[in-house]
Amino acid sequence: MPITDTDVSPHSTVTDRWDEQVDLLVLGTGAGGLSAAVTAANEGLSVLALEKTEFLGGTTAYSAGTCWIPNNRFQRAAGVTDDERVAAGYLDRLVGDKAPREVRESYLRHGSEAIDYLDRIGVKFWHSATVVDYHPEVEGASLGGRALEPQTFDGRLLGRENFGRVRPPVPEFALFGGTMMVRRAEVNRLLTLLQGSPKAAPLAVRLGARWAKDRLTYRRGTRLAMGNALVANLFHRLVERDGQVWFHATATRLVTDEAGQVIGAVVAYQGRELRVAARRGVVLAGGGFSASPQWRSTFLPSPTPQYTRAAEGSTGDTLSLGQSVGGALSDPQDDNAFWFPSSVARRKDGSDAVFPHIWDRSKPGIVAVGADGRRFVDESVSYHRFVRAMYATNTVPAWLIIDARSLHRYGLGMVRPKLPRAYLRKYLTSGYLYGAPTIRELAGKIGVDADGLERTVAANNRSATTGVDEEFGKGTSPFGLQYGDPRHTPNASLGPIEAAPFYAMALLPTPLGTSLGLRTNGDAQVLDGTGEPVAGLYACGNDAASMSAAEYPGAGCQVGGGLTFGYVAARHAARPTTVPVPVPTDVPNRTLIAVEKS
Ligand SMILES: Cc1cc2nc3c(=O)[nH]c(=O)nc-3n(C[C@H](O)[C@H](O)[C@H](O)COP(=O)(O)OP(=O)(O)OC[C@H]3O[C@@H](n4cnc5c(N)ncnc54)[C@H](O)[C@@H]3O)c2cc1C
């Protein structure tokens, strides 16, 4: 990052004047930053969190909020006693020496501790007891038990102004133009209404009534779910503890003393450059670099992804800040990111809707092919593994192929299930979906080898009859099968593609988060090139190198990692042995811009 200010000496001393003084300065308000801020405030530190956009929450606010926490409170309550050990073996086998063992050991040791800590201050989770880890074939994987879901949160507790500061969800992941949030389990129940079952009607009425009432006062429903609930709840707990948040505030430079210890930052805020002292340290939590085309082209595989579903603030500038004071990036390896295969459509307002394909690939009657018309992977693997297979086989874009019956039954991407045929027109005319009366014509429309695609569909239809996918084993992994159709026989993930018309949708690799980041130790301290801590500097969330490198052990390792290492950083900064940086008392103590308290 270019350093533009000229009025700050390379190394500021404690006798310099400060505009603001806090114990902990946190850059970023996603899972990592808010966890650090709330924990520090709860430990009695004064905290200022900076958010460079107008909204709080970053990509975490868009996310499902799932946290991967081995040995969690729900498992322990159920009598599981050895999950930390089992998970350690799983990570060792999956990650090996791609990332330092010290960091993943810290994750395992402190993850459940962080969740229990947050629970005590009111940030609560439900157990997603049936979610299967992403590598069930690796010893130590869990077939259910490590994933947690944030409990829904009543946004009204924040008060109107602060509620308006919470980043709204991705419109396509919520109902009524993004104004009504529902949990995944509720979506499944509500969908049964379309199948003619009235059982979910009371739920629909209850959610609808609350939403309608909210809309009289708020721009969107205040019953928040998933990642949105998580960040709003953390925000609420921060405000309760007198933590401060500045919006549209960006740290342009870290300030160090002669010994190289980070003692504050220069912050661009409200048209001024303010010098903020951070007596106990600075936490980098800017969300990595998914949203930066430059960083993507430097560190992500080719062809460089053009899109991401991550929030716009994760542009890598906090990584550059860390580097500017000696912090080292982790060694680039593998693909340096976590991935979704996404379809891309244009919204009415001209913006891009980037839609991650998480579950639909596991349904029966769907195959994914490349330009040669051939399959390249078991379609039902995790989204991360699917994109890795795309890159490994040079299959960008990949095409999902589906017939009319499966499209109607399961939907595809943004095309919801049970839509009358006429409603497909807008997707077909916009080029989001391609349709044709025969497989051969469909292949011609999307530029895929027609003979290859016909052979693939014929092979798929034989597999649908036998229930065995001899080529890639779709329908054998417990991971994929959890998202198949349990009513479908002989295999919940294998079905025929035979009912015309036939449809195709393009998938592109999109990073949902980045794994390459600043090197840290088990205390979340940023390390320099020699492996020594940069005193006073911490990193968490995607600003820290992932504890599992670019391996994706299970649902929620990024939000889980952010919460865990935010907590670890704050506890380390707050520990009694820390010698606070002396700050001169002659500095006028301007009042911080306080966020509204409910
Ligand atoms: C649709 C979707 C669903 C997902 N679901 C899950 C899931 O269920 N579980 C999971 O583990 N992962 C999930 N992920 C990935 C996960 O959401 C992110 O990797 C994670 O939330 C990143 O958290 P973070 O704290 O590092 O950053 P973020 O949540 O992105 O927050 C960083 C914040 O810092 C701000 N910032 C950046 N630079 C500065 C600066 N210089 N000064 C001040 N502020 C700055 C940004 O504007 C942003 O608000 C999902 C991703 C997507 C896109």
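**Exercise 1.** In this predicted model, find which element gives the most to the lining of the largest cavity.

*Solution.* Start with the cavity itself: its volume is about 160 Å³. Of the 18 residues that line this cavity, those closest to its centre are Gly541, Ser546, Met547, Cys557 and Gly561. Next, look for elements that supply at least two lining residues; these are α5 (101-120) and α18. Of the elements, α18 gives the most, with five residues. By class, the lining has nine nonpolar, nine polar and no charged residues.

**Exercise 2.** Determine which helix gives the most to the lining of the second largest cavity.

*Solution.* This cavity has a volume of about 60 Å³. Its lining includes Thr179, Leu207, Arg210, Trp211, Asp214 and Gly221. Helix α8 spans residues 201-217 and gives the most to this lining, with four residues. Sorted by class, the lining holds four nonpolar, three polar and three charged residues.

**Exercise 3.** Describe the surroundings of the ligand, beginning with the residues closest to the ligand.

*Solution.* The ligand is surrounded by 36 residues, and Glu51, Thr60, Asn542, Gln558 and Val559 are the closest. Elements that each supply at least two shell residues include β2 (47-51), α2 (58-62) and α18 (557-574). The most comes from α2, with four residues. The shell has 11 nonpolar, 21 polar and four charged residues.

Then take the contacts. A polar side-chain atom of glutamine 558 lies 2.7 Å from an oxygen atom of the ligand. For glycine 58, a backbone N or O atom is 3.3 Å from a ligand oxygen atom. Finally, the protein covers 97% of the 1,000 Å² of accessible area that the ligand has on its own.

How values were computed: Residues are numbered from 1 along each chain as its sequence is written. This is a predicted model: local features need pLDDT of at least 70, side-chain atom pairs count only at pLDDT 80 or more; totals for chains, interfaces and linings use all residues. Side-chain values use heavy atoms; hydrogens and water are left out. A residue is near a molecule or strand if one of its heavy atoms lies within 4 Å of it. A polar contact is a pair of N or O atoms within 3.5 Å; within protein, one must be able to donate a hydrogen and the other to accept it, and residues adjacent in sequence count only if both atoms are side-chain atoms. Accessible areas come from the Shrake-Rupley method with a 1.4 Å probe; for residues, only the protein chains shown count as cover. Ala, Val, Leu, Ile, Met, Phe, Trp, Tyr, Cys and Pro count as nonpolar, Asp, Glu, Lys and Arg as charged, and the others, Gly among them, as polar. On a 1 Å grid over the protein atoms alone, a cavity is a set of points where a 1.4 Å probe fits but cannot get out, and a pocket is an open set with protein on both sides within 12 Å along at least five of seven lines; lining residues have an atom within 4 Å of a point. Grid points are joined across faces, edges and corners, and a volume is the space filled by probe spheres set on the points.
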